[in-house]
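This report is meant to be read beside the sequence and the coordinates. It begins with the confidence of the model and then moves to the fold, the packing and the disulfides.

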Amino acid sequence: MRNCAPLPLVLLLACVPFEPPGSEPTTSVAATESGSSAASGTTSWQLPARERDKTPSSTSTSTTTTTSGPPPATSDGGASSDTGTGPPLDLSALQIAELHPDPNGKDGGPDSPEFLEIAHVGELPIDLTGLEIDARAWPTLSADALGLAGQVLLPGERLLVLRFAAAADVPDPPVAAIDNGVRVAFASSEGLRNADGGVLLHVGDIMGDALIHGAAQPAPWDARGLWLGAPAAAPGPGESLCRGSAIDHDDASDWSACPPSPGTATELEAGTTGDDSGTTGEALPAEVAIVEVLSNPPGPGNLEKHAEFVEIENLGPGTVDLATWTIADDLSDAPTGADPLLFLAGDGGCQPSTCLAPGQRAIIVGNLYTGPTGGGLVLVTDDTTIANAGLAVHEPVALRDGSKLLRSTYRAGPEPLVPPDPAAQEEALVRSDPAAPDEPGTWSFAAPTPGQ
């Protein structure tokens, strides 16, 4: 255990133990990449009751004493730390409004901080005590550790969170009132991911609003019902991602690239996201799903490894080159026996040869595979079997992209014997809906149909 002498908040980041998502609620700022320690489908995170396509309100938990405004600013410009005066935190009243992951200049520099903006879209004041923020790859942030315990946000106001790379650049005081809400700043060497990432608001294991951009994200961002469909397009250098509609669809149609506007609502240009069409006008990255796995083929056991296969589908909307992707039977970040995907035969509907077009499927096999392949793309591993000595019937399957980001899983839950048990029948397990989450009820037995 590391012991730390008393330090200012902004210097505590390296001295606090990491508590992964799914553990007891944390009040610390953990200097570990958010979500990287949990395997897909293994968390106990919960979504609060809410209806999609409805403008949220802050009425469900607002029965305690309320205040008429945020805590008054102190004489040095900071916000007051009075606690216990606001109603309980209602996650449905908080929406992610803007994310700025790649500022012009040095990320997290004195004049170019990364920032996240959260808007209060409810009807009553709320106390921010207990709020936690997971934003890849910032450390997990808790309102209490940031000095926001007792801070009350009024309807329409915003919480602006700034990340600086050096503690010397953090404004003094770190927490201060701004024209349209509250600003808080912290220091960390861990910055937001630029090409892809995720943001999640939560209180303990109760999840609120989320944003996924650039590519699918691992747990906890892959929780069922948290996000629908393909990720939002990642913003370019110097751009932000901004929400374009007060109605939260929990999908990419809510988001578009925009000029950064910390602390203020963004005015969208005509034709950008925010209308009812649900489109951004920008190409979205592809989402790829494992849709069929044969780990227990019929026939003698010594020939099973020659018939095993994994089938994947590109759910779109864009093409994807699988040349740098890997497959493994291990959910860890550094799996043993992970195999690259090499071109063997067939056509994925786009170029280069390892490219897979939207709506197309590919099968993944070992190089001694003797079964049928169908007419689509066939990818082969660099050894005789798939993953580490082939697919044992109760092993999971993990598909990762060239950035080692987990893109899809098969039977990644904590109970390997949960039905449907692959050992029970010599058939393939097929995903009922390619876009469905990796849960036991998603998979069912069927005759193998590789490449069909």
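## Confidence of the model

How many contacts beyond four places in sequence does the model have for residues 267-284, where pLDDT stays under 50? For residues 267-284 the model has 30 such contacts. This is a predicted model, and the mean pLDDT of the protein chain is 78, with 75% of its residues reaching 70 or more. A further stretch, residues 48-85, has pLDDT below 50, and in the model it makes 90 contacts beyond near neighbours in sequence.

## Overall make-up

The protein chain has 452 residues, of which 51% count as buried, and its secondary structure comes to one helix and 26 strands. Of the contacts between residues at least 6 apart in sequence, 65% join residues at least 24 apart. The accessible surface of the chain is about 18300 Å², and carbon and sulfur atoms account for 53% of that area.

## A four-stranded open sheet

Four strands form an open sheet with antiparallel pairing, and their order is E5-E4-E10-E11. Strand E5 (141-142) and strand E11 (206-213) stand at the edges, and each has a single partner strand, so one side of each is left without a neighbour in the sheet.

Strand E10, residues 197-203, pairs with E11 in the antiparallel sense over six bridges. Within this pairing, Val199 has Leu211 of E11 as its bridge partner.

## Nonpolar cores

The largest nonpolar core has 41 residues, and those that touch the most other members are Leu94, Leu116, Leu131, Ile133, Leu159, Val161 and Leu211. Two or more residues of this core come from each of strand E1 (94-100), strand E2 (114-120), strand E4 (132-135), helix H1 (143-146), strand E7 (158-164), strand E9 (181-187), E10 and E11. The largest contribution to this core is that of E11, with four residues. Another core lies apart from it and holds 24 residues, among them Ile290, Ile364, Leu377 and Ile386.

Leu159 illustrates the packing in the largest core. Leaving aside residues up to four places away in sequence, Leu159 touches Leu116, Glu117, Ile118, Leu128, Leu131, Leu148, Leu153, Val182 and Val184.

## Two disulfides

The count of disulfides comes to two, and when the bonded cysteines are numbered in sequence order the pairing is 1-2, 3-4. A disulfide is a covalent bond between the sulfur atoms of two cysteines.

One of these bonds joins Cys242 to Cys258, with an S to S distance of 1.8 Å. The link of Cys242 and Cys258 is right-handed, with 60° about the S-S bond. Cys242 lies in strand E12 (residues 240-243) and Cys258 in strand E13 (residues 255-258), so placed that the pair, 16 residues apart, links distant parts of the chain.Cys242 counts as buried because its relative accessibility is 0%, and Cys258 likewise counts as buried because its relative accessibility is 5%.

The other bond is formed by Cys350 and Cys355, whose sulfur atoms are 2.0 Å apart. With -100° about the S-S bond, the link of Cys350 and Cys355 is left-handed, and both of these cysteines are buried.

Definitions and conventions. Residues are numbered from 1 along each chain as its sequence is written. This is a predicted model: local features need pLDDT of at least 70, side-chain atom pairs count only at pLDDT 80 or more; totals for chains, interfaces and linings use all residues. Side-chain values use heavy atoms; hydrogens and water are left out. Buried means under 20% relative accessible area, exposed over 50%, partly exposed in between (1.4 Å probe, protein chains only). Contact means heavy atoms within 4.5 Å. Accessible areas come from the Shrake-Rupley method with a 1.4 Å probe; for residues, only the protein chains shown count as cover. Two strands pair if DSSP finds at least two bridges between them. A nonpolar core is a set of buried Ala, Val, Leu, Ile, Met, Phe, Trp, Tyr and Cys residues joined through side-chain atoms within 4.5 Å. pLDDT is the predictor's confidence in each residue, from 0 to 100. A disulfide is a pair of cysteine sulfur atoms within 2.5 Å.
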